[in-house]
Structure formats: structure tokens, C-alpha cells
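Hi,

Here is the structure I promised to send over. Have a look at it first, and then read on for what turned up around the ligand.

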Amino acid sequence: MTTAATATGHTLEVRRVIRETHDAVSLEFDLPRGEAGFRYQPGQFLTLRIPGGEGAVSRCYSLSSAPALDRYPQITVKRTVDGLASNWLCDNAVPGLKLESLRPAGVFVPKQWDAPFVLIAAGSGITPVMSILKTALTEHRNRVQLVYANRDSDSVIFAAELAELQRKFAKRLSVQHWLESDKGRPTPESLRAELTVPKNSRAYLCGPAPFMAVAESALSAAGVSRDRIHKEVFVSLSSDAFDTPIASVEPVGSDVATVTAEVDGDEHVVSWPRQTPLLDVLLREGIDAPYVCREGSCGGCAFTLVSGEVRMLANDTLDKYDLDKGVRLACQSLPVTDTVRAVFDQ
Ligand SMILES: Cc1cc2nc3c(=O)[nH]c(=O)nc-3n(C[C@H](O)[C@H](O)[C@H](O)COP(=O)(O)OP(=O)(O)OC[C@H]3O[C@@H](n4cnc5c(N)ncnc54)[C@H](O)[C@@H]3O)c2cc1C
Ligand code: FES
């Protein structure tokens, strides 16, 4: 047995290390598909505890495998200059290495698969996009356009796999590589010229923030509305996601609301002091609510607001589409109404 479920996640064992490029590796984990408790959706990420010279750090890595297609879950890590975890993994990951992981999390997951997809990625941003792309092609029937930006041809992760997919799904998939060595950095105008955007397309973007700003402008110019553009932001966690103290949940006076929270199918009715984020209230009650960063930046604590109203202190991850669908962040939510119903259904 190579995995062990803990209260918050699993211990995963590396079964294969694939050198994708000179500065990127994929790690395949020894975990049979669908093993109880380890299920993920295309576009989600793992949070791993990475050992290192100066002590362990927590880092998020998107799954580049597709859950319905790939036998083993896989992440793909690209070196960040002077970065602690990415360089440690690229230098030290070998078959047999065990890593602690939180449950798969994140909201960069297509909810509807019938629209044409425009996927725009740069560098390591290909990882969640690859999972979405493979799922669309093999499980659904929509058309997919991928624009993938890299410094040069040696930096292109999954080059052979993408070429093979393009050959196999020639009628539904188009792949355009944007190499900075040939074309320079993309601008909204130059990127717009690359895009063929059928009506009702949905766009999924992942890459450095300035690149995504350019891609968003190009998509807007091509007529894609904001609520059809979905983004995944890669940042390093500043806290230890495996050891997070819970803030005091003592109510100020009698100022409490009531939350009915459904977590993993179980319903809990809990008093909710109005100054305390929902996540802290649930954790203090011993309820196994999901979370990662607790900073409003990863989407790992997302829930669906079924009734009542909350206000969020911060939100660096949910887009307009998510908000319109009632998705909120438990780590940032305070109650507005006296009663709230929340469903954790990721
Ligand atoms: C949801 C999500 C999914 C992700 N998926 C992937 C993925 O699939 N693949 C992938 O490769 N990455 C992914 N990331 C990014 C990943 O989590 C890490 O942020 C990345 O690997 C860099 O981590 P690091 O420890 O190597 O670098 P860090 O040590 O965090 O350093 C990052 C940068 O900050 C600089 N820096 C560090 N400390 C300081 C300081 N005190 N002052 C100034 N500068 C400093 C470093 O020099 C470096 O340039 C994802 C992130 C998120 C949130
Ligand atoms: S735990 Fe990351 S946004 Fe709430």
C-alpha cells in the first residue's frame, strides 16, 4: 500500500519521474485511479509539503493528468529561479519519495463542456490546461484551441504529447505555439490575431499575471465577455497549509449567526460568531472542511452559498462566473444574514 489517508489528505509516493524539459519534471504518483478519498477534477491542484534545506514548505501544484484518462495522478513542476520547492523537487524527486498532500482542491474546473474552449497557457501554466484539454477531447465533443507561449522550443512542456493529440483529434483541436525567441512577447493585438473564437466560447488562462492580462485583453477584443474567461493564478503559499492555527471563535457579545454546513454529505448546524471566518468556525467544531492557503488566493475552501448572504474579506481567486453561481470562500466569509446554508461540494 503506497498511500495513506490522513485527516486532511494523503501521503503520496512518487512512482515515476519524467524529465519533460531542461527545467521541468513531471511526478507520477502511485495511486490507483478512483481510490477512495482521492478523486480530482480536471484543473484542480494538490498542496504538497516539500522538504528542503531550510525546513519544509507548502506549495500547490496543478494536476497535469486527466482523471478519466490517466491511470496515475501526475503533477508537473517547473524550476523558479532561486525558488525553494520547485528546485528541490527537480533535483531530488526519485521513485519512492513520499510526499504529504492535502486533498485535491481548486475551482479552475470547467462546469460546462459543450462550449468551444479557448485555452491560453504560458510556461508551467500548461499543467491544469493540459488536464482540461485531454478531458475535453476524450470525454466531450467540443472544439478546443490551445495557444501555448514559451521562451523557446526547448522550453515547451508536453511538446510530443500535444503533437500526438493534434494528429489524433485533427478536426477538434488546434495547437499554436507562441515562441518568444521567434515572435517576442505577445501583445493584446498580436495575440488577438492568433485567436479564432467561435460564438459562446469559454476561455481558460494560466500563466504569469502580466501574460494573463494580455490574454484577457486579446479575448475581450475578440468578443469574449468577462464571465466566460476563467483564470488560474500561480503563487507560492506564505503559510504552512499543514499546520494552521485556528483563530479564536469567541463571539463578540451575542452577535452570532447560524450556519447549516453540508460537508462531504454530512449536515452540521453551527453558531457562527459574526467576526470569525466560516472556515475557522467549522474547524473549531472538528468539522473536516477543506482549505489550503487561508488567504483567499487558492479556492481550496470554496463552498456554494445555497441561502443567506455572506461578505468576503478578500478574494483573489473566484471569478465573476463562480460568484454568480454562488461560490464563496470559507476562509474569507463572514455572515451578513442571521442564517446561512453552505454546501461544500468540490
Ligand atoms: C493553484 C496553484 C497551482 C500551481 N501549479 C503549479 C504547477 O502546476 N507547476 C508549477 O511549476 N508551479 C505551480 N504553482 C506554483 C508553485 O506553487 C510555486 O509557487 C512555484 O513552484 C515556486 O515555488 P518555489 O518554492 O520554487 O519558489 P519560492 O521559494 O516560493 O520563490 C518564488 C520566487 O520568489 C522569490 N522570493 C522568494 N522569497 C523571497 C523574498 N523573501 N523576497 C523576495 N523574493 C523572494 C524567489 O527568488 C523566486 O523567484 C502553482 C501555484 C498555485 C497557487
Ligand atoms: S483556503 Fe485558499 S482561498 Fe480559502
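Which element gives the largest share of the shell around ligand 1? That would be E5, with four residues. Before the rest, please keep in mind that this is a predicted model.

On to the site as a whole. Ligand 1 has 22 residues around it, and the closest are Cys-60, Tyr-61, Ser-86, Thr-127 and Ser-236. Sorted by class, the shell comes out as 10 nonpolar, eight polar and four charged residues. Both domain 1 (4-102) and domain 2 (117-232) supply at least three residues each to that shell.

Ser-236 has a side-chain N or O atom 2.6 Å from an oxygen atom of ligand 1. Thr-127 also uses its side chain, with a polar atom 2.7 Å from a ligand oxygen. With Cys-60 it is the backbone: a polar atom there is 2.7 Å from an oxygen of ligand 1. As for how covered the ligand is, on its own it would expose 970 Å², and the protein buries 68% of that.

One more thing about the location: ligand 1 takes up the space of the largest pocket.

Cheers

Notes:
Residues are numbered from 1 along each chain as its sequence is written. Chains are lettered from A and ligands numbered from 1 in the order in which they are written. This is a predicted model: local features need pLDDT of at least 70, side-chain atom pairs count only at pLDDT 80 or more; totals for chains, interfaces and linings use all residues. Side-chain values use heavy atoms; hydrogens and water are left out. A residue is near a molecule or strand if one of its heavy atoms lies within 4 Å of it. A polar contact is a pair of N or O atoms within 3.5 Å; within protein, one must be able to donate a hydrogen and the other to accept it, and residues adjacent in sequence count only if both atoms are side-chain atoms. Accessible areas come from the Shrake-Rupley method with a 1.4 Å probe; for residues, only the protein chains shown count as cover. On a 1 Å grid over the protein atoms alone, a cavity is a set of points where a 1.4 Å probe fits but cannot get out, and a pocket is an open set with protein on both sides within 12 Å along at least five of seven lines; lining residues have an atom within 4 Å of a point. A molecule sits in a cavity or pocket if more than half of its atoms lie within 2 Å of its grid points. Helices (H or I, at least four residues) and strands (E, at least two) are DSSP runs, numbered from the N terminus. Ala, Val, Leu, Ile, Met, Phe, Trp, Tyr, Cys and Pro count as nonpolar, Asp, Glu, Lys and Arg as charged, and the others, Gly among them, as polar. Domain bounds come from an automatic or database domain assignment.
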